[in-house]
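This note sets out points on the fold, the helix packing and a few individual residues. Please read it alongside the sequence and the model shown here.

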Amino acid sequence: MRHSANFPCFLKVVGDLLDSDQVQSMSRLNHHGKVTCYDHSLFVSYLSFRAARFLKLDYRAAARGGLLHDLYLYNSKDKSAHPGWQCFDHPVAAWRNARELTELSQKEENIILSHMWPLARFRPRSREAALVDFVDTLCAALELCRIYRPIRLRANLPTPLAPVA
Ligand SMILES: [Fe+2]
Ligand SMILES: [Fe+2]
């Protein structure tokens, strides 16, 4: 199915989260180079949604988990903001913030906690979690190599949801 046909369904699934202050505030945090945490998370969420739909998996959990997987909401370069190594700390911080924001299914919780596997200690326990883990790595590589700028995706959002860069 084409992008134009998928995007309205994607917005139905994650529109409430995209409109939240917490998710919007990710646009103030740089994540991979100049790519913001918001743009990266939107990229991971949308690709996970598309892949899960194609594979007939739980696309709602993949899209929501993908959008919230990096909701850690602190400056990762500020050592006082988290106690240990960012690789281990940020999935747990994201999970805590996501739980405060919305009711998560067990699958969604595991998607967030396990997205750094095998580096981090939580293991993916569903095909959707493994999918988001893979898509996150792929998106990070595309962003770091500057092959794709996920800000293009944001251009498709309705104006009220588009964050200030
Ligand atoms: Fe992450
Ligand atoms: Fe990520």
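A crossing of two helices is called left-handed if the near helix is turned anticlockwise from the far one by less than a right angle, and right-handed if clockwise. The model is a predicted one, in which local features need pLDDT of at least 70 and side-chain atom pairs count only at pLDDT 80 or more, while totals for chains, interfaces and linings use all residues. Residues are numbered from 1 along each chain as its sequence is written, and chains are lettered from A and ligands numbered from 1 in the order in which they are written.

1. Overall fold. The protein chain contains eight helices and two strands; here helices (H or I, at least four residues) and strands (E, at least two) are DSSP runs, numbered from the N terminus. Along the sequence, these elements follow the pattern α-α-β-β-α-α-α-α-α-α.

2. Dimensions. Taken along the principal axes, the box filled by the C-alpha atoms of the protein chain is roughly 45 × 35 × 30 Å. The radius of gyration is 14 Å, which agrees with the value near 15 Å that a compact globule of 165 residues would have. That radius is taken over C-alpha atoms, and the globule rule is 2.2 Å times the number of residues to the power 0.38.

3. Of the 165 residues in the protein chain, 36% are buried. A residue is buried if 20 or more other C-beta atoms lie within 10 Å of its own, exposed if 12 or fewer, and partly exposed in between, with C-beta atoms placed from the backbone. Two residues are in contact if their C-beta atoms, placed in that way, lie within 7 Å. Among contacts between residues at least 6 apart in sequence, 60% join residues at least 24 apart.

4. Helices α4 and α7. Two packed helices are described by the angle between their axes and the distance between the axes. The axes are lines fitted to C-alpha atoms, for helices over the stretch in contact, and angles run from 0 to 180 degrees between N-to-C directions. For α4 (residues 59–68) and α7 (residues 127–144), the axes come within 10 Å and cross at roughly 45°. These two helices are therefore oblique to each other: angles under 35 degrees count as roughly parallel, over 145 as roughly antiparallel, 65 to 115 as roughly perpendicular and the rest as oblique. The crossing of α4 and α7 is right-handed. On the α4 side the contact is made by A61, A62, G65 and G66, and on the α7 side by E128, L131, V132 and V135. By class, this contact has five nonpolar, two polar and one charged residues. Ala, Val, Leu, Ile, Met, Phe, Trp, Tyr, Cys and Pro count as nonpolar, Asp, Glu, Lys and Arg as charged, and the others, Gly among them, as polar.

5. How many of the ten residues of α4 are buried? Nine of them are, so α4 is largely enclosed by the rest of the structure. The buried residues are Y59, A61, A62, A63, R64, G65, G66, L67 and L68.

6. Helices α6 and α7. The axes of α6 and α7 come within 9 Å and cross at roughly 30°, which makes α6 roughly parallel to α7. Their crossing is right-handed. K107, N110 and I111 of α6 meet E128, A129 and V132 of α7 in this contact, which by class has three nonpolar, one polar and two charged residues. In α6 the buried residues are E108, N110, I111, I112 and L113, and their cover includes α4, α5 and α7.

7. Backbone features in loops. The peptide bond from W117 to P118 is cis, with omega near 10°, and P118 is placed in the loop between α6 (106–113) and α7. K56, in the loop between α3 (37–54) and α4, has a positive phi of about 60° although it is not a glycine. K56 is exposed, with 7 other C-beta atoms within 10 Å. L73 also is not a glycine and has a positive phi of about 60°; L73 lies in the loop between α4 and α5 (86–101). L73 is partly exposed, with 18 other C-beta atoms within 10 Å.

8. Surroundings of T36. T36 is found in strand β2 (residues 35–36) and is buried, with 21 other C-beta atoms within 10 Å. Not counting residues up to four places away in sequence, T36 touches M26, S27, L29, N30 and H31. T36 and M26 are ten residues apart in sequence and 7.0 Å apart in space, C-alpha to C-alpha.
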